[in-house]
Amino acid sequence: MTGILVVSEMVVEFDGFVALDRVSIDVLEGESFGIVGESGSGKSTLLRAVAGLNHFDAGGLMVDGQAYSSKRRQRRFYRDVQMVFQDPYASLHPRQTVDALLREPLIIHGLDNKEERIARALDEVGLGIGFRFRYSHQLSGGQRQRIAIARALITEPKILLLDEPTSALDASIQAEILNLLEQARARHNLTFVMVSHDLGIVNHMCDRLVVMKDGRIVELLTSRALETREFSADYTHRLFVASEGFSSGRTAPPAPEAS
């Protein structure tokens, strides 16, 4: 069965450095799919290449049965595929009000009922119209990320790309944002592709995941296999031990080396 998002043998190079080396994933409609790995593993590069923010030099990309090249994307692609970035402080324009931030994608995609859509988007992320004419510097980190999620959802996408959407937030706020995302996925039958270094979050949020190292996929796992530690790759085991060290407050071991 072909997924709603299919990446085939994708290669990304930057000045001779291979950031992605023949990476393939197949994400099913309505699935929450995780991408994990240490810093520099290529996970965010993969997400950005899918989103059209990075080029790719070889391989294929298909979304909902439509093939896309590295350079040309139809406008419909940018409505169907939305991204929530890691840092809500950097992803919102500081000189635009919340109203302007949410109105802009509606104008770009020619969507009607703008007032109704903006009010509904704010309600959906738990803020309400009282936040409509505030600027981003008047919001907390959690509120900014809620606005970023509202902006991504307002075009009614099919796929949400999540680049460590809670890692820049306080621990007390992270669970609220993750619950908000889960509710949105259930409500709109969204497909998630989530990048994270936190295996606990991925295990909670995702149905399946890939483990990446040095621009390659090391292993494909189900969330059940992650929970029961049924790893086939030694690197995945070491990554899991490192993640456990962080979550328990212990000093994590050094980043795993290639065997």
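Two strands count as paired if DSSP finds at least two bridges between them; strands (E, at least two residues) and helices (H or I, at least four) are DSSP runs, numbered from the N terminus. This is a predicted model, where local features need pLDDT of at least 70, side-chain atom pairs count only at pLDDT 80 or more, and totals for chains, interfaces and linings use all residues. Residues are numbered from 1 along each chain as its sequence is written, and side-chain values use heavy atoms, with hydrogens and water left out.

On to the sheet. Strands β1 (residues 5–14) and β4 (residues 58–63) run antiparallel, joined by 5 bridges, and Leu-5 sits opposite Val-63 in β4. Four strands make up this open, antiparallel sheet, in the order β2-β1-β4-β5. The edges belong to β2 (17–27) and β5 (66–68); each has a single partner strand, so one side of each lacks a neighbour in the sheet.

Helix α1 (residues 43–51) lies across β1, β2 and β4, at about 110° to β1. Axes here are lines fitted to C-alpha atoms, for helices over the stretch in contact (heavy atoms within 4.5 Å), and angles run from 0 to 180 degrees between N-to-C directions.

Now the cores: sets of buried (under 20% relative accessible area, 1.4 Å probe, protein chains only) Ala, Val, Leu, Ile, Met, Phe, Trp, Tyr and Cys residues joined through side-chain atoms within 4.5 Å.

| Nonpolar core | Size | Members include |
|---|---|---|
| Largest | 47 residues | Ile-147, Leu-160, Met-205 |
| Second, separate | 30 residues | Val-7, Phe-56, Phe-77, Val-210 |

Beyond its neighbours within four places in sequence, Met-205 contacts Ser-32, Leu-178, Leu-181, Glu-182, Arg-185, Phe-192 and Met-194.

Terms used
Buried means under 20% relative accessible area, exposed over 50%, partly exposed in between (1.4 Å probe, protein chains only).
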